[in-house]
Amino acid sequence: MALILSLSEPTEKSGYLLEEYRLFHIKDRTEREYHYHYHDFHKVIVFLSGKVTYHIEGKSYHLKPWDILLVNRGAIHKPEIDTSVPYERFILWIREDIHDQALTTCFQRAHDRSFNLIRLHSQMQERLKDILLELESSFHEEAFCSDLLNHALFSQFMVYLNRIFLEENYTIDRKSYTFDSQVENLVRYINRNLDQDLSIDALARKYYLSKYHMMRKFKEETGYTMHNYIVSKRLLMARSLITQGTPVMKAAQQSGFRDYTTFVRAYKKQFGVSPSKA
């Protein structure tokens, strides 16, 4: 169970987190433009400095130092970075199938709430800061049982993070995030009803919206067309069901695919392998 420190994030979407978790401490000033994407693992972002707005599933979070973002597996997101100043952050990548499953509860809750931001009270901010800095420092040690110490510090950090988020023991500042309420309703409904009829016509009728207005607003706020968003979410759900042991055809049906051939073709395009080899 290795803890690895690096200076940059790779650009691939999936398949490159072999350890249960990784820690990164990054400070850069890059002209790189980030595009909307998602990962097949959970991510914790601890913002330290810079000028950054983070877009996650239709919400835009305007960050302050030591704000924490919970980006759950499959959440579509991207940072919008002002490159005039350095951007510094800690990032934790966490596999969905880590041994201590309770530590990932906060990500599911973030998904359920459609809310990803933790703005800490000053006392808890100092506590988590101390743990995180000790965790970073412990990586460089080659002392007795350093792996055990790393895991203990990681677990301690995640326990506190879960307690804070689950108990909503954080500062709520309405100015810290912006969103379009119509798009938020659409995103929430889609993610909770992937097995239902999610055609453009059906969604427009449900929310009394013009189809073209609805599609345009959705693309503006999420970076995805409605069709691509729905297909991506259905494929992620199907892959999760398959890895849990659900037969491929049943997983396709439960994820909202009505045509098996279309499902297999989309799955191969999205993940690079057929669903039978997932």
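Modeller: The expected span of a helix is 1.5 Å times one less than its number of residues. This is a predicted model: local features need pLDDT of at least 70, side-chain atom pairs count only at pLDDT 80 or more, and totals for chains, interfaces and linings use all residues. Residues are numbered from 1 along each chain as its sequence is written, and side-chain values use heavy atoms, without hydrogens and water.

Biologist: How far does helix α7 reach from its first C-alpha to its last?

Modeller: Helices (H or I, at least four residues) and strands (E, at least two) are DSSP runs, numbered from the N terminus. Helix α7 has 18 residues, 226–243. Close to the expected 26 Å, its reach is 26 Å.

Biologist: Which residue with positive phi follows α7?

Modeller: The helix itself is mostly covered, with 13 of its 18 residues buried (under 20% relative accessible area, 1.4 Å probe, protein chains only). After α7, phi is positive, near 105°, at glycine 245.

Biologist: Which strands stand at the edges of the sheet?

Modeller: The open sheet has 4 antiparallel strands in the order β6-β3-β4-β9 (strands pair if DSSP finds at least two bridges). Two of them have a single partner strand each, so one side of each lacks a neighbour in the sheet: β6 (77–81) and β9 (177–179).

Biologist: Which residue in β9 stands opposite tyrosine 61?

Modeller: Strand β4, residues 59–62, pairs with β9 over 3 antiparallel bridges. Opposite tyrosine 61 stands tyrosine 177.

Biologist: Is the crossing of α1 and α3 left-handed or right-handed?

Modeller: The axes of α1 (105–113) and α3 (146–166) come within 9 Å and cross at roughly 25°. That makes them roughly parallel (under 35 degrees). The crossing of α1 past α3 is left-handed.

Terms used:
Buried < 20%, exposed > 50% of the residue type's maximum accessible area, 1.4 Å probe, protein only. Axes fitted to C-alpha atoms, helices over the stretch in contact; angles between N-to-C directions. Parallel < 35°, antiparallel > 145°, perpendicular 65-115°, else oblique. Left-handed = near helix turned anticlockwise from the far one by under 90°.
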